[in-house]
Amino acid sequence: VLPGVQVIPENTFGADSCCNVETVIMADTVTRIEYSAFRQCRKLAFVKFSRNLEYIGDCVFEDCESLTSIFIPDSCREIGDLVLNWTELIILVVPQHTVLGRNVISLTPLRGKSNVDDVNAWIKSINDADEYALHRLCSSMDPSEDAIYQMICEQGGPHAMAQKNSIGITPSRYLASNPYADVDEMKLI
């Protein structure tokens, strides 16, 4: 999505119009994604949001069955209803202040890992425990090699990159999936 675009309108890439889209990289001018903008883009596997994104509308990524990870930028204030239904989502990183609509992750493998009533609070707290500081760093919007290296040293060495959190994701997996990370993990270790 080119610089200058501020809003991705309803149904822009959805269903029949762009069913072969695999990668979406948004310029930092995008602030809103409206209803069903990418719905049924079944081959969509990679999304890098604008760092200035404020709003994601209802059903935006519904039926994007190849989508396994989403990293929401800190600027995002609101995510609508049913945004990620019928995806293969296993990684969702959401800022604490973002308001989540209802059933954001129902019908995803990630939802299957939760047995709590307040799924929205659970999503935001997956890496809250002190023992998951490396997970938080590797899934942040600006992970740096120096900071990750220091934390690996503090946690006893490279094996820390293989520690799984409560949903079975390692810091290494977060780093590999994170579209905002420009870190060479092998060089780092």
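Contact is taken to mean heavy atoms within 4.5 Å. The structure is a predicted model, in which local features need pLDDT of at least 70, side-chain atom pairs count only at pLDDT 80 or more, and totals for chains, interfaces and linings use all residues. Residues are numbered from 1 along each chain as its sequence is written, and side-chain values use heavy atoms, with hydrogens and water left out.

With neighbours within four places in sequence left aside, Thr98 is in contact with Cys76, Arg77, Glu78, Ile79 and Lys124. Thr98 is located in the loop between strand 8 and strand 9 (99-100); helices (H or I, at least four residues) and strands (E, at least two) are DSSP runs numbered from the N terminus. The relative accessible area of Thr98 is 0%, so this residue is buried. Buried denotes under 20% relative accessible area, exposed over 50%, and partly exposed the range in between (1.4 Å probe, protein chains only).

Three aromatic pairs are present in the structure. Rings of Phe, Tyr and Trp (its six-membered ring) pair if their centres lie within 6.5 Å, with planes under 30 degrees apart counted as stacked, over 60 as edge-to-face and the rest as tilted. Phe38 and Phe61 form a stacked pair, at 5.4 Å centre to centre and with 10° between the planes. Because Phe38 belongs to the loop between strand 3 (32-33) and strand 4 (46-48) and Phe61 to the loop between strand 5 (55-56) and strand 6 (69-71), this pair ties together parts that are 23 residues apart in sequence. Phe38 is buried at a relative accessible area of 0%, and Phe61 is buried at 2%. The pair of Phe49 and Phe61 is edge-to-face, because the ring centres are 6.0 Å apart and the planes lie at 75°. Phe49, in the loop between strand 4 and strand 5, is twelve residues from Phe61, and the pair links distant parts of the chain. Ring pairs join Phe13, Phe38, Phe49 and Phe61 into a cluster.

A nonpolar core is a set of buried Ala, Val, Leu, Ile, Met, Phe, Trp, Tyr and Cys residues joined through side-chain atoms within 4.5 Å. The largest such core has 56 residues, and Phe38, Phe49 and Phe61 have the most contacts inside it. Two or more residues of this core come from each of strand 6, strand 8 (91-93), helix 2 (119-125), helix 3 (133-138), helix 4 (145-154) and helix 5. Helix 3 gives the most, with four residues. In soluble globular proteins, nonpolar side chains tend to be buried together.

In helix 4 the buried residues are Ile148, Met151 and Ile152. They lie on the same side of helix 4 because they cover an arc of only 105° around the axis, the arc being that of the directions from the helix axis to the C-beta atoms. Asp146 and Glu154 are exposed on the other side of helix 4. The buried residues of helix 4 pack against helix 3, helix 5 and helix 6 (185-188).

Arg173 is in helix 5 (residues 171-177) and is partly exposed, with a relative accessible area of 35%. Apart from neighbours within four places in sequence, Arg173 is in contact with Ile90 and Ile91. Arg173 and Phe38 are 135 residues apart along the chain, and their C-alpha atoms are separated by 25 Å.
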